[in-house]
Amino acid sequence: MMYSCAPASRGSATVVKKKGKSLRIDIHCHYLNPEAAARVAPLNPAAHEMQIKFANALTRETNKKQVAQRAPKLSNIEVRLKDMDKQGIDIQAISPAPQQTYYWTEPRMGAELARMVNERIAEIVGKWPERFVGLGTVPLQDPDMAVTELEYCVKKLGMRGVEINGSVNGMDLTDGRLALEKFFAKVQDLDVILFMHPTGYTQGERLLDHYFNNVIGNPLETTVAASHLIFDGVMERYPRLKVVLPHGGGFLAHYWERMNHGWRARPDCRTVIKKKPTTYLDKFYFDTIVFDPQMLDNLVRRYGADHVVLGTDYPFDMGVDDPVGFVQRGKLGAADKAKIMGGNAARLLKIDYNKSRRR
């Protein structure tokens, strides 16, 4: 039984079996657009990238080697398809390389780069519709342009959501200077997902060594960004917003009760939200990139199997090379594993497995 990534009917979560197993969907994987990278190269993008800015010489050398070694995986779809088959992945929800959001460019250029990145992803999906769905990018440095590009991504290119970073040029997503309320409202209205991926921590001066601005900085950035969405009321004002947090939800997903205590104990933690913070944390979705089966089991036990989705972080070295085997090693039931490996992503991404198609 083959399948199509055509949109399912609203709310559908039906999954057709393939060779006795549920299909596997990777919701966390990246594509680097070489043309967009070439366009910004004269502007010294490294000066704006936290993973480069906050790194020592050895980290920069290691990253340079990784880029050289993994460039085909980042941009060559034939190589990617072979790796997907090795990993047991049927469908990737392909999103831009995190640094290709280009929030640091002036807004008009940012909009042009987003369109370039999005149309290439749509081209890939159009050529291999049974293997990919698309997550786009929007120029969050300008809220009106961000809404325009979001609508283009979803209505014209058929994308299932967008990837955003956890901050914009050092400003939190809830910062009034960004004026992103209309963006969050439109995401909810279009009923697509927000995949909120970090690019290191914005104040990374203490994270230069040991690749700390990724090892610690990425989950820390997600923790701070998600906390602002909670405490500044975004998740309360937009209750149908579907936000996917990578890397197992950062630190927040595994140390949640401290913020509940703060909300109960202190008035400065209750300035906006009416209910305890975990009321809103429970609305998020979390990928499986936690590296330890017990941590995955704990994540499922705390938030439910319905809120955990398979991810690889392909093709980076901080990802998971055997994502299916990792989920299988957990102490979860077969039904929960099926949800995590594909059923939940099918629902979120509106993938209809009931339409047969040969590869």
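Visitor: In which loop does H210 lie?

Guide: This is a predicted model, in which local features need pLDDT of at least 70 and side-chain atom pairs count only at pLDDT 80 or more, while totals for chains, interfaces and linings use all residues. Residues are numbered from 1 along each chain as its sequence is written, and side-chain values use heavy atoms, with hydrogens and water left out. Helices (H or I, at least four residues) and strands (E, at least two) are DSSP runs, numbered from the N terminus. On that numbering, H210 lies in the loop between β7 and α8 (212–215).

Visitor: Is H210 buried or exposed?

Guide: Buried means under 20% relative accessible area, exposed over 50%, and partly exposed in between (1.4 Å probe, protein chains only). The phi of H210 is near 60°, a positive value in a residue other than glycine. Because its relative accessibility is 60%, H210 counts as exposed.

Visitor: Is D313 buried or exposed?

Guide: D313 is placed in the loop between β10 and α14, and its phi is near 65°, a positive value in a residue other than glycine. Since the relative accessibility of D313 is 6%, the residue counts as buried.

Visitor: Which peptide bond is cis, with omega near 0°?

Guide: P315 is found in the loop between β10 (308–309) and α14 (323–328). The cis bond, with omega near 0°, is the one from Y314 to P315.

Visitor: What is the order of the open sheet of three strands?

Guide: Two strands pair if DSSP finds at least two bridges between them. Five bridges join β1 to β2 (residues 91–96), and these strands run parallel. The open sheet of three strands, with parallel pairing, has the order β1-β2-β3. Its edge strands, each pairing on one side only, are β1 (25–31) and β3 (132–134).

Visitor: Which helix packs on the sheet?

Guide: Contact means heavy atoms within 4.5 Å; axes are lines fitted to C-alpha atoms, for helices over the stretch in contact, and angles run from 0 to 180 degrees between N-to-C directions. The helix touches β1, β2 and β3, and its direction makes about 70° with that of β1. It comprises residues 334–349 and is named α15.

Visitor: How far from a polar atom of the side chain of R347 does the backbone oxygen of D306 lie?

Guide: R347 lies in helix α15. At 26% relative accessibility, R347 counts as partly exposed. The distance from the backbone oxygen of D306 to a polar atom of the R347 side chain is 3.1 Å.

Definitions and conventions. A polar contact is a pair of N or O atoms within 3.5 Å; within protein, one must be able to donate a hydrogen and the other to accept it, and residues adjacent in sequence count only if both atoms are side-chain atoms.
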